[in-house]
Amino acid sequence: MRRLVFHLSTCLVVAAAAGLAGAAPAAANPPAVGNVIVLSGGAVLPVNKVTGSTTVSAVGFELTGGTLRAVDQSGTQLWTASTTGYGPYGGFDYDSDGWPDVFVVVSALTGNMCGTTPEQTTTLYFYSGRTGVRQTPLSPLTDLCWNFGSTIYPTRQWTEMGVLWGGTTSKIAVSPYYAGTSWFFGFNGTSFTTDGALYFPSTSSYDGTYTNAQLNTYPTGTKYITNSHVANGLITSVSGQQRLVFWTSGRVVQYAVGALSASQLVADRPYLTGGRTDIAGRNYGVVAVDPGNADKVVLVAGTSNYSLYLDRLSGTMSRDPWGGIERHVSVYSLGGNTIDDRFYSYAHDNSDGNKYENRVSYPANPFVRTGGTSRIAYNVYSGGHWYLHISDPGATTDRYAIKDQFLWDIADVDGDGVDDWLVSPTRDPGEPDVPGYYFPKWQTNMYHWTESTATLTNFRSETGYIPHFQETFNRATATSSDGYLTPAQTYMDGGQLKLMMINSAGTVSAR
């Protein structure tokens with residue numbers, strides 16, 4: 001097996017050294033399962049760890065044909081529930097029983113029209129992961145109907161983005177897509193309880209209530225921004241206090257989890273990516289707490305790698321043509337309330353010509369562990385080539401930008417305690433260096449990162465395959481505006497963790 005070592009200096013220098021690559025260390029005390037199981041019919045199902053049972057180590061959920069069901073690590077059905085919703089989404093544990101809980105989005109027609117689209121109401125139904133018991137704490141909300149003359153369309157109010165969670169609390173935060181007020185929910189053992197509320201930075205109540213509210217960076221003279229976008233964030237611990245931290249239009253904010261008060265808004269940091277007052281300050285993307293420095297929360301605003309995965313399978317550039325619309329990377333300091341932001345592109349620039357130019361694509365796990373504050377790794381499509389960006393620790397400045405390489409994910413897929421980088425080339429060395437290399441090759445090269453020398457070492461390659469991805473739950477320390485993440489999938493096969501991969505024929509296998 002060839003061994004490639006990336007010696008990365010100013011931009012990219014690659015030195016290849018031939019030799020035998022040693023086998024990866026065997027997993028010590030491997031888990032009972034990976035993060036997926038294979039059902040009897042061959043379907044691959046994501047599963048989540050269970051800590052509240054002596055017999056069930058993991059549980060998976062699937063919703064098909066109006067039936068939501070839960071299965072254990074062996075694929076044995078635990079319960080079913082009838083529902084008209086779509087999903088499921090979740091991963092939080094609102095009833096503190098050691099089982100991940102889920103929700104589905106439920107809609108109903110009102111009989112009215114918004115332009116040419118039927119108007120709906122939406123709400124969220126929550127299900128106990130252990131028992132399947134349903135909770136319905138929310139009132140349905142009617143779509144907002146936007147009328148811009150020639151363009152009329154609705155926006156659903158309760159969506160998969162409506163629930164934020166994390167930290168060490170079992171409380172969850174719920175917000176409509178365009179919120180005026182959001183709520184904190186707890187659970188009393190039988191039903192949900194309202195354990196607080198907050199004013200969203202979208203109405204004058206925000207300005208009039210919170211001591212720490214700041215003027216927004218648009219020249220409106222107000223602190224709030226009308227119709228601020230859906231909250232994108234999570235709950236995390238700051239100085240021993242549980243706080244809801246989220247991005248919305250043109251700002252990132254911190255609220256204490258609990259009762260509404262003048263001091264509930266702990267910090268407000270308005271900013272405009274790229275200094276652009278002509279754009280809406282969108283902050284769609286992945287939000288994650290740095291595993292090496294809990295003071296740093298990172299937003300990689302763009303599109304998920306899942307969009308390129310689906311484009312690769314279909315052979316078309318169709319999954320997410322707008323790619324998050326405003327593409328940038330932000331590093332936010334919770335303690336300092338400071339922002340380091342790097343702007344890449346706005347999809348509507350050049351008469352909508354920037355759909356793909358400087359498009360940012362993020363993995364489910366964007367951090368490069370250093371032993372301290374992490375680096376950030378993500379992809380940018382620029383000038384017809386993908387670049388794998390690796391930042392300086394805790395910053396948006398590049399240490400490296402590696403041309404014609406696409407990072408799928410960083411995860412310990414073999415259980416040896418070392419993060420594995422899953423990378424596909426997008427141009428072969430013998431191909432002309434011209435624009436147009438959007439689709440990854442059917443090849444996955446796996447690397448280990450060495451922080452002391454800042455090098456990537458290739459220890460394995462799979463020709464004819466790329467990693468297989470599916471929508472999975474958000475995590476306590478990472479969330480996305482999609483309502484889900486798409487991490488590398490691992491499967492326990494004969495006591496060994498293997499990576500789920502797919503070939504060009506659509507065949508999925510553990511390798």
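With 511 residues, what radius of gyration does the protein have, and why does that agree or disagree with a compact globule? And how are the aromatic rings of Phe103 and Phe126 placed?

Reply: This is a predicted model, in which local features need pLDDT of at least 70 and side-chain atom pairs count only at pLDDT 80 or more, while totals for chains, interfaces and linings use all residues. Residues are numbered from 1 along each chain as its sequence is written, and side-chain values use heavy atoms, with hydrogens and water left out.

The radius of gyration, taken over C-alpha atoms, is 23 Å, which agrees with the value near 24 Å that a compact globule of 511 residues would have, the globule rule being 2.2 Å times the number of residues to the power 0.38. Along the principal axes, the C-alpha atoms fill a box of roughly 65 × 55 × 50 Å. The protein has 3 helices and 41 strands, which are DSSP runs numbered from the N terminus (helices H or I, at least four residues; strands E, at least two). Of the 511 residues, 54% count as buried, where buried means under 20% relative accessible area, exposed over 50% and partly exposed in between, with a 1.4 Å probe and protein chains only.

Turning to the rings, those of Phe, Tyr and Trp (its six-membered ring) pair if their centres lie within 6.5 Å, and planes under 30 degrees apart count as stacked, over 60 as edge-to-face and the rest as tilted. By this rule there are 39 aromatic pairs in the protein. In one of them, the ring centres of Phe103 and Phe126 are 5.8 Å apart and the planes stand at 40 degrees, so the pair is tilted. Because Phe103 belongs to strand S9 (residues 102-114) and Phe126 to strand S10 (residues 117-127), the pair ties together parts that are 23 residues apart in sequence. Phe103 counts as buried at 2% relative accessibility, and Phe126 is buried as well, with a relative accessible area of 0%. A further tilted pair is made by Tyr381 and Trp386, whose ring centres are 5.0 Å apart with planes at 50 degrees; both of these residues are buried. Tyr381 and Trp386 also belong to one aromatic cluster, whose members include Tyr306, Phe406, Trp408 and Tyr484.

For an exposed residue, one can turn to Ala505, which lies in the loop between strand S40 (496-503) and strand S41 (508-510) and counts as exposed at 66% relative accessibility.
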